[in-house]
Amino acid sequence: MEFHGRAALITGASSGIGAAYAREFAARGADLVLVARSEGAMHRLADELRGTHGRQVHVVPADLAEPGAADRVATRVAALGVDVDVLVNNAGFGMHGDFAAADAGRITEQIQLNCVALVDLTRRFLPAMVARGRGAVVNVASTAAFQPLPHMAVYGATKAFVLSFSEALYAEVKPAGVRVVAICPGATETPFFDVAGEDAAVGKKRTPQQVVATTLAALGRGRPSRVDGLANALLAVATRWAPRRMVIAMAGRLTAPREQPVTTTG
Ligand SMILES: NC(=O)c1ccc[n+]([C@@H]2O[C@H](COP(=O)([O-])OP(=O)(O)OC[C@H]3O[C@@H](n4cnc5c(N)ncnc54)[C@H](OP(=O)(O)O)[C@@H]3O)[C@@H](O)[C@H]2O)c1
C-alpha cells in the first residue's frame with residue numbers, strides 16, 4: 001500500500017501500538033493526524049516525526065469515550081484541510097475483573113471508546129475514501145475477539161464487535177477499492193496493562209512494531225482480518241473448532257485473577 005503523500009489519522013496515538021503506527025507511517029512518507037487525550041505525549045511524538053521525516057503532523061486532542069467525540073474530531077480535521085486516506089481506529093482499553101462488581105461508568109466508557117467511537121469515525125471518513133476509490137481503515141481488535149473472556153467480559157465483547165463489523169465492511173467497500181482490515185494482537189508490550197492489570201496478560205508479549213508489520217502485510221494482501229503472531233493465530237483457529245464450554249473454561253482459567261505473592265515481614 002502506498003503511504004507517501006497520503007494522510008493517516010491514528011487514534012490512541014499517544015502511546016503503545018498507536019505511536020508505533022505513527023512512526024512507521026511517517027517513515028513511509030505519510031502525513032499524520034494524531035488523536036488521543038494526552039496532548040503532551042502527542043506533541044512530543046509530532047515534534048520527533050516532523051524532525052526525522054519532515055512530515056506534516058497534526059495533534060487533535062480528544063476524549064473518544066465522550067458521546068459526539070468523533071464528530072468533533074471530524075470537524076477539526078476538516079478545518080485543518082486534511083483528507084484522511086488511512087484511518088486507524090486503535091484507541092481502546094480493557095478492564096479486568098468480574099462484571100457484577102465493575103463500575104458502570106467505566107463499562108460504558110469502554111463500549112463508547114472501543115465500539116461507538118470506532119464506528120462513528122469510520123462513518124465520518126469512509127464515504128470520502130469510497131468516493132476517491134482508494135483508502136484504508138485499520139481497526140485494532142484483539143485475540144480477545146475469538147472467544148468470550150470471563151473476568152474481561154465487556155472487553156472481549158467489544159473486540160468481537162470490532163472483528164465482525166470490520167469483516168462485513170471489508171466486503172462492502174472492497175469493490176470500490178477501499179481496504180478494511182481488523183488486526184488482532186495478542187498480549188503486546190504496551191502500557192495497556194497499566195489500566196487492564198497484569199492479570200489480563202496471556203502468553204508471551206509481542207512488540208507494537210510486530211503488530212504494525214502484521215498490519216502492513218495484511219493491507220498488502222488485502223486481507224479482511226489478521227491475527228498478529230503465529231502462536232496467537234493457532235490459538236484463534238483452535239477456538240473455532242473446540243467445544244464451546246471447553247473454550248470458555250480455558251479462557252476463564254487464563255484470565256482468572258492470579259494469587260497475590262505471599263509477603264512476609266520480619
Ligand atoms: N497491548 C495489548 O496486549 C493489546 C492486545 C490486543 C489488543 N490491544 C488493543 O490495542 C489498542 C492499543 O492499545 P495499546 O496496547 O497500544 O495500549 P496503550 O498504550 O494503553 O494505548 C491506548 C491508547 O488509547 C488511547 N485512549 C485511551 N482512552 C482514550 C479515550 N478515552 N479517548 C481517546 N483515546 C484514548 C490512549 O491515549 P490517552 O490515554 O492519551 O487518551 C492510548 O494512546 C487497543 O484498542 C487495545 O485494546 C492491545
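Mentor: In this predicted model, helices α4 and α5 are roughly parallel to each other, because their axes cross at roughly 10 degrees and angles under 35 degrees count as roughly parallel, over 145 as roughly antiparallel, 65 to 115 as roughly perpendicular and the rest as oblique. Helix α4 covers residues 104-132 and α5 residues 153-173, and their axes come within 9 Å. Axes are lines fitted to C-alpha atoms, for helices over the stretch in contact, with angles from 0 to 180 degrees between N-to-C directions. Helices (H or I, at least four residues) and strands (E, at least two) are DSSP runs, numbered from the N terminus.

Trainee: Which residues of α4 and α5 make the contact?

Mentor: Contact means heavy atoms within 4.5 Å. Among the residues involved are Ile107, Leu118 and Val130 of α4, and Val154, Phe165 and Val173 of α5. By class, the contact of α4 with α5 has 14 nonpolar, four polar and one charged residues. Here Ala, Val, Leu, Ile, Met, Phe, Trp, Tyr, Cys and Pro count as nonpolar, Asp, Glu, Lys and Arg as charged, and the others, Gly among them, as polar.

Trainee: At what angle do α1 and α7 cross?

Mentor: The axes of α1 (residues 16-27) and α7 cross at roughly 60 degrees and come within 9 Å. That angle makes α1 oblique to α7. Their contact comprises eight nonpolar, three polar and one charged residues. Tyr21 and Phe25 are included on the α1 side, and Val212 and Leu216 on the α7 side.

Trainee: Is Thr214 buried or exposed?

Mentor: Buried means under 20% relative accessible area, exposed over 50%, partly exposed in between (1.4 Å probe, protein chains only). Thr214 lies in α7 (residues 208-220) and counts as buried because its relative accessibility is 10%. Its side chain forms a polar contact of 2.5 Å with that of Asp228; such a contact is a pair of N or O atoms within 3.5 Å, where, within protein, one must be able to donate a hydrogen and the other to accept it, and residues adjacent in sequence count only if both atoms are side-chain atoms.

Trainee: What does Gln112 touch?

Mentor: Gln112, in helix α4, touches Leu64, Ala65, Glu66, Pro67 and Ala117, not counting residues up to four places away in sequence. With 15% relative accessibility, Gln112 counts as buried.

Trainee: What conventions apply?

Mentor: Residues are numbered from 1 along each chain as its sequence is written, and side-chain values use heavy atoms, leaving out hydrogens and water. As this is a predicted model, local features need pLDDT of at least 70 and side-chain atom pairs count only at pLDDT 80 or more, while totals for chains, interfaces and linings use all residues.
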